[in-house]
Amino acid sequence: MTKSAEKPAIAVSRITRKFGDRKVLDDITLTVPRGELFGLLGPSGSGKTTLIKLITGIDLADAGQVELFGEPMPQLKMLQTFGYMAQSDALYQELTGKENMVFYGSLYGLSGKALASRIQSAAALVNLTEHLDKAVTAYSGGMKRRLSLAIALLHEPRLLVLDEPTVGIDPVLRQAIWNELRALAQQGVTIIVTTHVMDEAEKCDRLGLIRDGKLIALGTPEAIIEQAGVHTIEEAFIAFGSRKEAQA
């Protein structure tokens, strides 16, 4: 095994990000090994989305360093290694679902039979096959989220970065998506998911609890609950948050 192959999927070291005088992220250090399903749990405005934008190279830190698979970010060549599903759906409304997938698939270097096969597989995963020929303007909010997830999966990335992926999706499909995420992680795909839904957080291998730009706890859901001396992730989040406030 080469030295590069031994590197974790994600290595974040002492990241700080400011907007004006406000610290959105404050001295975050985090490592995510390959094949882990890692969850970032926190309320809106806590810094989750900013952190994953730094990880994927969409944004730049004011201090600190980010590496993907041993490579410093941002780097153009690393775009092929990850799939990114943003909070806001980046879809062409006037195109059909299939046309959106063809467009993004071509950006990933897919074409011909390979692209057609991946479109069918990804669409089937999110239960969109029968809606591919409809214009995205006719999609519900949940359908748009499902299309965005399918697009992120098109090129079978080594890293999947999902920002609130199941917002607006019905409970049955939400469970199916999480089952597939677990299967992907078992196949070696690294997955980082942001969420504010407690029962989703408990499905992750490990969690980072983030509040006011600070990483207030890190570990398996069970370890975090035990460390906080409570019974649920929600209670643990409240407990760790209260401790940070007391220390401030």
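Which residues does T56 touch, not counting residues up to four places away in sequence? In this predicted model, T56 touches M73, F82, Y84 and V161, where contact means heavy atoms within 4.5 Å. Residues are numbered from 1 along each chain as its sequence is written, and side-chain values use heavy atoms, with hydrogens and water left out. Because the model is predicted, local features need pLDDT of at least 70 and side-chain atom pairs count only at pLDDT 80 or more, whereas totals for chains, interfaces and linings use all residues.

T56 is placed in the loop between α1 (48–55) and β4 (63–68). Helices (H or I, at least four residues) and strands (E, at least two) are DSSP runs, numbered from the N terminus. With a relative accessible area of 3%, T56 is buried; the term buried applies under 20% relative accessible area, exposed over 50% and partly exposed in between, with a 1.4 Å probe and protein chains only. The side chain of T56 reaches back to the backbone oxygen of I52 at 2.9 Å. I52 is itself among the buried residues of α1, together with K48, T50, L51, L54 and I55. The helix α1 is mostly covered, six of its eight residues being buried. G57 follows α1 and has a positive phi, near 85°.

M73, one of the residues touched by T56, is joined to P74 by a cis peptide bond with omega about 0°. P74 lies in the loop between β5 (71–72) and β6 (82–85). In the loop between β4 and β5, F69 has a phi near 50°, a positive value in a residue other than glycine. F69 is buried, at a relative accessible area of 5%. A further positive phi, of about 60°, is found at N127, which is not a glycine. The place of N127 is in the loop between α3 and α4. Most residues other than glycine have a negative phi, and most peptide bonds are trans.

The packing of α2 was examined against two other helices. Helix α2 (residues 97–107) and helix α4 (residues 141–153) pack at an angle of about 30°, with their axes 10 Å apart. Axes are lines fitted to C-alpha atoms, for helices over the stretch in contact, and angles run from 0 to 180 degrees between N-to-C directions. The helices α2 and α4 are therefore roughly parallel to each other; angles under 35 degrees count as roughly parallel, over 145 as roughly antiparallel, 65 to 115 as roughly perpendicular and the rest as oblique. Their crossing is right-handed, a term used if the near helix is turned clockwise from the far one by less than a right angle, with left-handed used if anticlockwise. On the α2 side G97, N100, M101 and Y104 meet L147, A150 and I151 of α4. By class, this contact has five nonpolar, two polar and no charged residues. Ala, Val, Leu, Ile, Met, Phe, Trp, Tyr, Cys and Pro count as nonpolar, Asp, Glu, Lys and Arg as charged, and the others, Gly among them, as polar.

The axes of α2 and helix α3 (residues 112–125) come within 10 Å and cross at roughly 125°, which makes α2 oblique to α3. This crossing of α2 past α3 is right-handed. K98, M101, V102 and G105 of α2 make the contact with L115, I119, A122 and A123 of α3. The residues of this contact divide into six nonpolar, one polar and one charged. M101 of α2 takes part in the contact with α4 and in the contact with α3.

T195 belongs to strand β8 (residues 190–195) and counts as buried at 1% relative accessibility. Its side chain makes a polar contact with the side chain of E200 at 3.1 Å. A polar contact is a pair of N or O atoms within 3.5 Å; within protein, one must be able to donate a hydrogen and the other to accept it, and residues adjacent in sequence count only if both atoms are side-chain atoms. A polar atom of the T195 side chain also lies 2.9 Å from the backbone nitrogen of V197. Leaving aside neighbours within four places in sequence, T195 is in contact with L40, L41, G42, K48, E164, E200 and A201. K48, in this list, is one of the buried residues of α1.
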